[in-house]
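Here is a short briefing on one protein chain. Keep the structure open and find each residue as you read.

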Amino acid sequence: MSEKSRNIQPGTTASSPEFRITITEGGPYVVNGAPKLSQQTIKQDPEGNSWNYVEGKVFDCDEGAHLCRCGHSGNAPFCDGTHQTLPAGVLEETASFEPLIQHSELISGPTKSLLDNEKYCAYGRFCDAGERVWGEVQIGTVEHDALATRMAHHCPGGRLLIVDNQSKEIIEDTVEPALGLIEDPKIGASGPIMVQGGIEVISAEGKSYEIRTRQALCRCGSSSNKPFCDGSHASVKYRDGIN
Ligand code: FES
């Protein structure tokens with residue numbers, strides 16, 4: 001398939017098609033391409049704002065690995081078949097296949113602007129430093145633009161995108177395909193699978209979601225925007241049980 005016919009978010013560098021995540025109906029994520037899979041713990045700055053990720057345990061993610069998406073596996077991050085005991089339909093996909101920016105709000109600043117689609121909030125809280133990302137982007141100095149860009153680029157779900165006003169292009173770094181299992185000690189919960197580097201996610205019906213640099217896949221089973229995380233892991237206090 002040519003890059004043109006793939007559904008790629010502007011600014012995103014798609015990974016090679018050997019990297020992909022296929023959703024199974026009522027069951028796990030099937031991962032191809034053997035991307036790196038590691039725990040990523042959210043660390044705070046001195047003010048208590050989410051600031052960076054620190055790598056923890058690294059797992060073998062062999063070709064065709066099955067990752068839990070119901071939140072009940074006793075062998076997380078891998079599937080142990082427990083989803084088969086859940087009521088039918090609880091893992092049904094509800095997310096849109098439309099481009100994320102189609103329903104984004106635009107917050108304009110002097111040199112950079114912010115696109116914000118709240119539906120894709122994975123509650124990583126990387127947007128709270130300084131004047132918060134919405135305020136930082138409206139100031140317009142090099143330092144404040146850099147902070148706004150940093151915060152957007154740490155947003156695990158890809159809710160926040162920075163646009164350069166002059167070129168009108170979305171600014172994204174090119175990152176290696178990788179999967180991160182978010183741990184969020186501040187709220188006492190495990191979070192989504194952070195999918196980085198333009199890995200294609202394919203629905204149980206065989207349809208591709210928009211390919212994006214940063215995506216967050218629900219693994220607690222409680223999101224109302226499946227397969228994507230909507231932050232519900234925070235309220236249900238999801239714990240993956242990995243030590
Ligand atoms: S992991 Fe975030 S809503 Fe399920």
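Predicted model: local features only at pLDDT ≥ 70, side-chain atom pairs only at ≥ 80, totals over all residues.

Lysine 237 lies in the segment after helix H3. Its phi is positive, about 55°, although lysine 237 is not a glycine.

**Backbone features**

- Tyrosine 123 also has a positive phi, near 55°, and is a residue other than glycine.
- Tyrosine 123 sits in the loop between strand S7 (112–116) and helix H1 (132–136). With 37% relative accessibility, tyrosine 123 is partly exposed.
- The peptide bond from alanine 76 to proline 77 is cis, and its omega is near 10°. Proline 77 belongs to the loop between S5 and strand S6 (105–108).
- Another cis peptide bond runs from lysine 226 to proline 227, with omega near 15°. Look for proline 227 in the loop between strand S13 (214–217) and helix H3 (232–236).

**The whole chain**

- The chain holds three helices and 13 strands. Its radius of gyration is 17 Å, close to the 18 Å that the globule rule gives for 243 residues, so the chain is as compact as a globular protein of that length.
- The C-alpha trace spans about 55 × 45 × 30 Å along its principal axes.
- Of the 243 residues, 54% are buried.

**Salt bridges**

- Side chains of opposite charge can pair when their charged atoms come close.
- How many salt bridges does a search of the whole structure find? The search finds 10.
- One of them joins glutamate 200 to arginine 6, with the closest N and O atoms 3.4 Å apart. Glutamate 200 lies in strand S12 (residues 200–202) and arginine 6 in the segment before strand S1 (20–23), so this pair ties together parts that are 194 residues apart in sequence.
- Is glutamate 200 buried or exposed? Glutamate 200 is buried, at 10% relative accessible area. Arginine 6 counts as buried too, at 7%.
- Arginine 132 and aspartate 128 form a salt bridge through their side chains, 2.9 Å from N to O. Arginine 132 is partly exposed, with a relative accessible area of 39%. Aspartate 128 is partly exposed as well, at 25%.
- Glutamate 210 and arginine 212 also meet in a salt bridge, at 3.8 Å from N to O. Both glutamate 210 and arginine 212 are buried.

**A charged surface patch**

- Which residues gather in a patch of negative charge on the surface? They are Glu18, Asp60, Asp62 and Glu63.
- Glutamate 63 is found in the loop between strand S4 (50–59) and strand S5 (65–67).
- Glutamate 63 counts as exposed because its relative accessible area is 53%, and exposed means over 50%.

**A buried aspartate**

- Aspartate 184 lies in strand S10 (residues 178–184).
- Aspartate 184 has a relative accessible area of 2%, so it counts as buried; the cut-off for buried is under 20%.
- Aspartate 184 and glycine 124 are 60 residues apart in sequence. In space, the C-alpha atoms of aspartate 184 and glycine 124 are 8.0 Å apart.

How values were computed
Residues numbered from 1 in each chain as written. Heavy atoms only, no water. Patch = residues over 30% accessible without salt bridge, like charges linked within 9 Å, V, L, I, M, F, W, Y side chains within 5 Å. Areas by Shrake-Rupley, 256 points an atom, 1.4 Å probe, with all protein chains shown as cover. Salt bridge = Lys/Arg side-chain N within 4 Å of Asp/Glu carboxyl O. Lys, Arg positive; Asp, Glu negative; His and termini not counted. Charge placed at Lys NZ, Arg CZ, Asp CG, Glu CD. Helix = DSSP H or I, 4+ residues; strand = E, 2+ residues; numbered from the N terminus. Buried < 20%, exposed > 50% of the residue type's maximum accessible area, 1.4 Å probe, protein only. Rg over C-alpha atoms; globule rule 2.2 N^0.38 Å.
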